[in-house]
Amino acid sequence: MSPTNRTVVVTGIGATTPLGGDAASTWEGLIAGRSGVRPLDDERYADLPVRIAAQIAVEPAEVLPRPLVRKLDRSAQFALIAAREAWADAGYTAMAGEDEQISPERLGTVIASGIGGVTTLLDQYDVLKEKGARRVSPHTVPMLMPNSPSANVGLEVNARAGVHTPVSACASGAEAIGYAVEMIRTGRADVVVAGGTEAAIHPLPVVAFANMMAMSKNNDEPEKASRPYDTGRDGFVLGEGAGVVVLESAEHAAARGASVYCEVLGQGLSADSHHIAQPEPTGRGIAAALQHLMDDTDLKPSEVVHLNAHATSTPQGDIAEVKALRQILGEDLEHVAISATKSMTGHLLGGAGGIETVATVLALKHRKAPPTLNVDELDPAITEAGADVVRGEARELPEGTVAAINNSFGFGGHNVVLAFRTV
Amino acid sequence: MAATQEEIVDGLAEIVNEIAGIPVEDVQLDKSFTDDLDVDSLSMVEVVVAAEERFDVKIPDEDVKNLKTVGDATSYILKHQG
């Protein structure tokens, strides 16, 4: 098929997060301003510097059959749960090829994770040391490979147009959605199941992030630990879960009479080339990504009413982000309701772009921006940039045709910005 | 004490149930692991390792390919169990 420039729409959403086992309960939690951060009670964390995390609200074993749980890494379990919800939500009642709705050759999956099957890797190494070689699971490799969530969702829906897994740390989930948009735009697929997942709550990743000085050590007040934009922020809180969307060409969605949440206008990508883990302080890389978004789509700054910010609760990152937004959106930044949902969900690393895309899509649908928790004292640098952070309670968004942006940045200097517009 | 044929089938049924989710009553001597019981080649390795532990028997990799049915596995275990 020749390259095209087709319109891409969202027709289905699914999630399993620290706030709920599906997209609806997650949204309810976000709008109510509920924190998903809890103490890590397991004794393995007892002597660690960080003993809090945003753990999944509904354990996959409660939802998936036991044989599946045995041979899927937790990250793939989350992805499968979210993908099944999104697939059904999009109105698909069978896997591709079983009915006339979509042919397998026109269906793809792009599901990313930042770290892949890290708990499988570590747990199976424990098995090797403690029980011997014979006991290491034969499923270890297909479980730990980072493309496993995408491949397993691909098997579930019978996707043959392509199964992909971009990896860019905490930008992975957003990059996956951007990649999926391009697959549809260029004519490689009509429908793509896309999103991000992460399951990295384990003593080793926790300690490793803590030793980078990247995590909050507010162990005594878990619900107050994730506090983007607040002067007292001291690092992110690790979260787990997945968010998945079904993206579809507008023609394909219309032809089968699917209901549409919103349009995905496109993406903007750039790299900082500054430091392997530090955010570039002026926000030039983020500004470049936003500029590409503006250049490559017909998005106008005046129609942007909501931003789901990257804002992880580390002291440096959120300031660079608002500086870049100011540079590109100008005074129009002042009418953008900014939500840092990581204040509630924690930071899902490669899953963040997935669940935050689901949150952005629902914000446009319900015309409501979730609050940002724990902003007791707003950092003056945020106010100086003219950024309007939604605090306290959720805020209504305007009627009419409006747009929203979802930002995701990752260790390695990856910047991914996505834009959505009501239809 | 060595397990009887019936005890071995019951044991394999529990193992297959745990690994593949197949009801224990469906695990019969004439059933093929791959074709009838949803045990793929990777899960078969799990079945073998679990059977080795349970029945105190060693099943070398080169013998695993001959264990097509529950009956094959049962005979093998009866013959080689410690």
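Where along chain A does A:Thr422 lie? A:Thr422 sits in the segment after strand E15 (414–421) of chain A, strands being DSSP runs of E with at least two residues and helices runs of H or I with at least four, both numbered from the N terminus. The model is a predicted one, in which local features need pLDDT of at least 70 and side-chain atom pairs count only at pLDDT 80 or more, whereas totals for chains, interfaces and linings use all residues. Residues are numbered from 1 along each chain as its sequence is written, chains are lettered from A and ligands numbered from 1 in the order in which they are written, and side-chain values use heavy atoms, with hydrogens and water left out.

A:Thr422 has a relative accessibility of 10% and therefore counts as buried; here buried means under 20% relative accessible area, exposed over 50%, and partly exposed in between, with a 1.4 Å probe and protein chains only. From A:Thr422 to A:Ser408 the separation is 14 residues in sequence and 21 Å in space, C-alpha to C-alpha.

Of the 423 residues in chain A, 61% count as buried.

Chain B, by comparison, has five helices and zero strands, and its pattern along the sequence reads α-α-α-α-α. With a radius of gyration of 11 Å, close to the 12 Å from the globule rule for 82 residues, chain B is as compact as a globular protein of that length. The C-alpha trace of chain B spans about 30 × 25 × 20 Å along its principal axes, and 45% of the 82 residues count as buried.

In an unreviewed entry, UniProt lists "domain: Carrier" for residues 3–81 of chain B. That span is 63% helix and 0% strand, with its end C-alpha atoms 8 Å apart. UniProt also places "domain: EAL" (unreviewed entry) at residues 1–82 of chain B, a stretch with 61% helix, 0% strand and end C-alpha atoms 9 Å apart. For B:Ser41, UniProt lists "modified residue: O-(pantetheine 4'-phosphoryl)serine" (unreviewed entry). B:Ser41 is part of helix H3 of chain B and, at 60% relative accessibility, counts as exposed.

Pockets complete the picture. On a 1 Å grid over the protein atoms alone, a pocket is an open set of points where a 1.4 Å probe fits, with protein on both sides within 12 Å along at least five of seven lines, and lining residues have an atom within 4 Å of a point. The largest pocket holds about 910 Å³ of space, a volume being the space filled by probe spheres set on grid points that are joined across faces, edges and corners. Its lining comprises 38 residues, of which A:Arg70, A:Asp123, A:Gln124, A:Val127 and A:Met143 are the closest to the centre. Both chains contribute: helices H2 (66–71), H3 (74–89) and H4 (118–131) of chain A, together with helices H1 (5–20) and H3 (41–55) of chain B, each supply at least two lining residues. H4(A) gives the most, with six residues. By class, this lining has 16 nonpolar, seven polar and 15 charged residues, where Ala, Val, Leu, Ile, Met, Phe, Trp, Tyr, Cys and Pro count as nonpolar, Asp, Glu, Lys and Arg as charged, and the others, Gly among them, as polar.

The second largest pocket has about 530 Å³ of space. Among its 33 lining residues, A:Ala277, A:Gln278, A:Pro279, A:Thr314 and A:Phe411 are the closest to the centre. The largest share of this lining, three residues, comes from H12(A), and its classes are 15 nonpolar, 15 polar and three charged.

Definitions and conventions: UniProt positions are given in the numbering used here, feature names are shortened, and annotations may be inferred rather than shown by experiment. The radius of gyration is taken over C-alpha atoms; the globule rule is 2.2 Å times the number of residues to the power 0.38.
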